[in-house]
Each structure stands twice: as structure tokens, then as C-alpha cells.
Amino acid sequence: MLKIAFYGKGGIGKSTTVSNLAAIFAKMGLTVMQIGCDPKADSTSVHHGGKRIVTVLDLIRKYNDDFSLEDMVFRGEDNVLCVEAGGPVPGMGCAGRGIIAALEKLEQKGAYEVYKPQIVLYDVLGDVVCGGFSMPMRKGYAHEVYIVTSGEKMSIYAAGNIAMAVDLFRKRSYAELGGFILNCRDVPDEEKNVKVLAEDFHSSIAGKIGRSREIQEAERLNKCVCGAFPDSPAAKEYTLLAENILKKWGIKAKC
Amino acid sequence: MKQTTRTLSIYSSDTAGTASMLYELGGMTVIHDASGCNSTYSTHDEPRWYQMDSMIYISGLTETDVILGNDERLIEDVCKAAKELSPRFITLAASPMPVMTGTDLDAIADEIRARTLLPVFPIHTNGMNSYLKGASDSLLAFLQYFCKENVEKTVRPSVNIIGATPLDFSINGTVESIRKFLMEEGFDVISCMSMGSSFEEIISAGKAQVNLVISSCGLAAAKYLFRQFHTPFVTGVPLGKRYAGHLAQELRKAIKNGENSFSCLYDRSIPQERENAPAVIHESIFASSLACALEKDLSIPANVIVPEELQISLYRKDADIVAECEDSLREILTHTGTLIADPFYQALISENQSFIPLPHEAFSGRCFRRANKVLAARDLSQWRDILC
């Protein structure tokens, strides 16, 4: 089972990237689980025609522990197994602790043993702001962290912070840095700047997604671009990234 | 009012269970908690504190540490203390605050292990579970770390006593009486986990022919030893005269057939008239064993009541009465005969109901220690008049 966590500045396109990768992996015949680790709980909505699924913390709030694994995991239209961690009431509680509770609950209820996903993708909120948001990169969780960034200054700054956190946790046998995913915003010297960032962390640009009108149009249609516009350049770029990840880990697509 | 306690005390926490189970084993137990809390683990819940040295520490967690995630201070402090004290191993346990902030105890343990080259194992306490879980998890982790090499079984009948802590057995001589009784019955006692045995004795537990589980704190360990060394176990405390003798027979039977026996659960009858029968409240293996002893020694079957906090313990689901909260327990107790329980429970019954005190340190600490009588392998006939 390959587990990958995706981090990056808020609004940079993590959920779009993760959802497209999940859909492509599923289309390749792999069992894939996408876990949204953001209180907004909108990571997986494109797999359900824009509808939001019930979150793990909603279930805990309502039923304490009296619910089943099936109540937490929803199969999307494109066969992606979807989970949303959810969060506390905005402005209250502790979102980081919520992520921990949700991931622990998934494990306790046997999500990985029952569904046997070949690939698990954690879509994590913004920066590694506290212990809760480092949970997906801890030992036993993700093997690799990919950081989604554009060439914009604040995005690069956030990406650098996340990469530093990954580096700091290396001695704890946490996830390795898999690379940076450049989600282009068409700013000057974009690829060059992200390449410098990647080299600073002895890493590389694992994939490049060009600025695309189709991605925005697909989101308006509540779909992944690879589902709505499979022949678009963006769909091909996501597919190339997915293939590269599989190749790196020696996982063969079934179709 | 569910989950609300107005009259009763609460049972000791999982962190206290960890400290208690590992107290005599030569390790350093560090509970990641605020300064001052050590008096709970080391004095209120630990009667050995004034008689026997042990390396039980708290980390002195501060507000700043919590806000800044200052794991490095904990790691450095533990490494420094380990260098000075040379413990055999280090155990890390967590209180509620580090659990809430998601402190990665496993990773911290890895770092301390790498720096000190000592065995380090984290116990995932949270300060909110009962002592049974902390004690059980700690003993299991200890055995998994240190007691795994194959050893030859002894030639003579031999036994480990598993699950002994003062939280259940006080320091009133009960554990020593159990040990003496077993020796008189012809068993060599290989170890007692974890009162009165050395580190070396406990890690040689695999050579025993049978294990006697005397509290729910020892059940997971006994199951591990069964898997690892094919050592069968018998659950029960040798209380009273006849039940103690019966338990010795069960141990001999287990040695012969290699099968586990949940003696304390099934070697007793359910009272035909549940109402007005005596009721016992204690850790459930102890309480069940006392019910067995009352029936075998005095021909008086008794009910076993399991408080909500102790539901993770071993009890008989078709017979024992689970009290979900103080209010439901109060209701249950209006229909029982003599109540045998910690003196704190007396506040829940009417003045007309008879009561036999059975102090439980995990519940009332040192308050009633002097009134805690040894019942192991003893005649219980002095209770007959009260119970009838």
C-alpha cells in the first residue's frame, strides 16, 4: 500500500491535484482512497458531483463511536474511495486534534484492512501548523510528501516551510519529500523559481500542471478535468504525474 | 445523569497503572505531564513510594512547551536523566495535554533510543482511561520487549503470578499470601508480575508451566505468553479456602491439558434470586474470584457488579451486572443484599443494607488501607452471619 500526502499553500490547487490523481489511479484499475484532511471537508466533492460527504468528525459528534466503517467511506462516481476528516465548529475546538482523531478512527475501524487500497492519498490543509497537521506524514502514514506550489512568492514561501518541516522530521522516520508539483499561475520565471526551491531541498519538480481553462471549467461542472476533458493538456499532465508516481514505486496499472 | 459522578470517587488513571506496573522493574518511567502531577502517580496511587526507590518521573510540561511543541526539551531531559541513573529501560507515557496536541510519542521514543542506546518503549496512555489499560499495556509492552527468547520449561510444576499491583492488591500481604499458597500447593513461583520479583525473574517467565492471572491487568500479558511460549493460563485469585484449593487444581489441570481456564468467570453460579443476593464490586477478576469463594466456601452465590470505568476488564457478560453510571449503580444497589465493596460505595446504599468493606486502592487510595484484610487462602466464615 502506497500512502502519499499532499501539502501546499491554501488555495494552490491541492484538492484539484489530489482528486485528479485519484481519479486517474482509479481509472487505471487501482483501488485508491482519498482522505481529505481539512475542516472545510471539500477535498473529495468532485468525486460526488459537487456534493459533500459526511465527515468522520460529524459521525463522532453525532454517534460518538457507534458507527461503522461504511458510514465513513464513500465510493465516488469514479470509483475513488472517499473520506473527509472534517473539523470542529469554526472558531472553536482544535482542528489539528480533529485530524488526529479522524485518522485514528479510520485505522481503528480497519479502513486499510477492509478496503485494501493500493494507494492512499492524504489531501492536507495548507501548512504544517501543528502536530495534527503533521499526522499524515508520520511513521505509519504517508511514505512520501508532495508539495503543490505555484511560482508566486507566498506559495513558494509556504512550500519552503513545509519542505523544512519534512526535513526536520526526517530523523523521526517520517515521510520523505517526494518532490514539488508545479501548478502554474503564469507568473514570471515560475518554473525557474520553483526549480531553485526544489534544488534547495535536494529535490525536483515531480510534475508540472500548466495554467488551464479546462481545469476551471471542470470544477464549474463539479468534475475532475480528466473526467470532463480527458483529451485536454491538463488531463495529460495529471496522467503523466500519476504514471511517474507509479513507476517510482513499481506499481503496475491494471488497465 | 450519564457519566456524572456526584458521590463516588473515580478509579486511578492509565498513567497511574503504567507507573504501578513498572515500578519495581528497574526502568525509568517518564510521564509527559505538568509539574506537580507526579504526586498522584507516585504517592496517592503508589504505597511503595515511601519504602522502595523507583524512577518514576514527570516531564514538567509547561504551557510554553505545549504551545511551541518543545519535544527537544523532553528528549534532552530524558537522555540526561538516563545518563545519570542508568535505567534498564525507559518508558514514555502521556497525560491528556500531549495527547490533545498530538505529541508523537513513538517518534520521541525512537530519538531517545537512538541517543541513549537503551530500550525505550512508549505506552499510549491518555490520562483518561482506567488504570487497567495502562497497567495491562505496560506489562505487555515490557514482555514483548524483554521476554521473547525460547526457554526450557521447568521440570517441577511452576507458575507466574500475573497482574499484581498495589492498585488492586494493596501492600497488605495479599500478594505474598498468594505466592505462599502456591508454594504450599507444590508450585515453584517463577515470577510475580509485578510485585516482589526482579527484572531477571520476570524476563524468565517463559519457563513457567502455567500462568495465574490475578487481575485484568495481566490478561493481555498472559495471552502473549500463551502465544509466545504455549504457556496456558488460569484466571482467578485464590481467595477463601475451598476456592483457593480449586484454583490450584485448575492450575494443575492446565499444565496437563495445555488449555486456558477462565475459572473465576465460570466456576460460580448465578444467584437464583438475583435480588437480595450479595454483590461484589472490585476489579472484576478479583470480584469474580470472591464470588467463587463465597459460593465454594459458604454456599452463598453472589452477583458481580462491574462499574462503567472497569468495563474493559474480564467479566461474564451473561451474568455480571454492568453499571453504566452512578445513577444506574445506585438503582442496582437498591435491589442487592449485602454489598461487598470499597467503603466509598457505602454512600450509595441505605442504612438498612449490610455492608462488608473491601478497600480498593485504585478507587480510594490510602484512605482505607489499614482496613484492607488479606483474603487469599483464608477462611471466610466470619462473613457468614452478615451474608445470611
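Leaving aside its neighbours within four places in sequence, which residues is Thr174(B) in contact with? They are Phe169(B), Lys373(B), Val374(B) and Ala376(B), where contact means heavy atoms within 4.5 Å.

This is a predicted model, in which local features need pLDDT of at least 70 and side-chain atom pairs count only at pLDDT 80 or more, while totals for chains, interfaces and linings use all residues. Residues are numbered from 1 along each chain as its sequence is written, chains are lettered from A and ligands numbered from 1 in the order in which they are written, and side-chain values use heavy atoms, with hydrogens and water left out.

Thr174(B) belongs to helix 9 (residues 174-184) of chain B. Helices (H or I, at least four residues) and strands (E, at least two) are DSSP runs, numbered from the N terminus. Thr174(B) counts as buried because its relative accessibility is 5%. Buried means under 20% relative accessible area, exposed means over 50%, and partly exposed is in between (1.4 Å probe, protein chains only). The side chain of Thr174(B) also makes a polar contact of 2.8 Å with the side chain of Asn172(B). A polar contact is a pair of N or O atoms within 3.5 Å; within protein, one must be able to donate a hydrogen and the other to accept it, and residues adjacent in sequence count only if both atoms are side-chain atoms.

Another helix of chain B can be followed along its length. Helix 7 covers residues 131-146, which is 16 residues, and spans 22 Å from its first C-alpha to its last. That is close to the 22 Å expected at 1.5 Å a residue, the expected span being 1.5 Å times one less than the number of residues. Helix 7 of chain B is mostly covered, with 12 of its 16 residues buried. Among them are Tyr131(B), Leu132(B), Phe142(B) and Phe146(B).

The size of an interface is often given as the accessible area lost when the parts come together. The contact takes 12 residues from chain B and eight residues from chain A.

Four salt bridges are found across the interface of chain B and chain A. A salt bridge is a side-chain nitrogen of Lys or Arg within 4 Å of a carboxyl oxygen of Asp or Glu. One joins the side chains of Asp110(B) and Lys139(A), at 3.2 Å from N to O. Between chain B and chain A, six residue pairs are in polar contact (both at pLDDT 80 or more). On the side of chain B that touches chain A, two or more residues come from each of helix 4 (71-85), helix 5 (96-100) and helix 6 (105-116) of chain B. Helix 6 of chain B gives the largest share, four residues. The residues of that side divide into five nonpolar, three polar and four charged. For this count, Ala, Val, Leu, Ile, Met, Phe, Trp, Tyr, Cys and Pro are nonpolar, Asp, Glu, Lys and Arg are charged, and the others, Gly among them, are polar.

Cys37(A) is in strand 2 (residues 32-37) of chain A and is buried, with a relative accessible area of 0%. Not counting residues up to four places away in sequence, Cys37(A) touches several residues, including Ala85(A), Tyr122(A) and Pro136(A). Ile209(A) is in strand 8 (residues 205-209) of chain A and counts as buried at 0% relative accessibility.

Some loop residues have backbone features to look for. Asp186(A) has a positive phi of about 60° although it is not a glycine. Asp186(A) sits in the loop between strand 7 (176-183) and helix 8 (190-200) of chain A, and counts as exposed at 57% relative accessibility. Asn276(B), also not a glycine, has a positive phi of about 75° and is exposed, with a relative accessible area of 59%. In chain B, the peptide bond from Met193(B) to Ser194(B) is cis, with omega near 5°.
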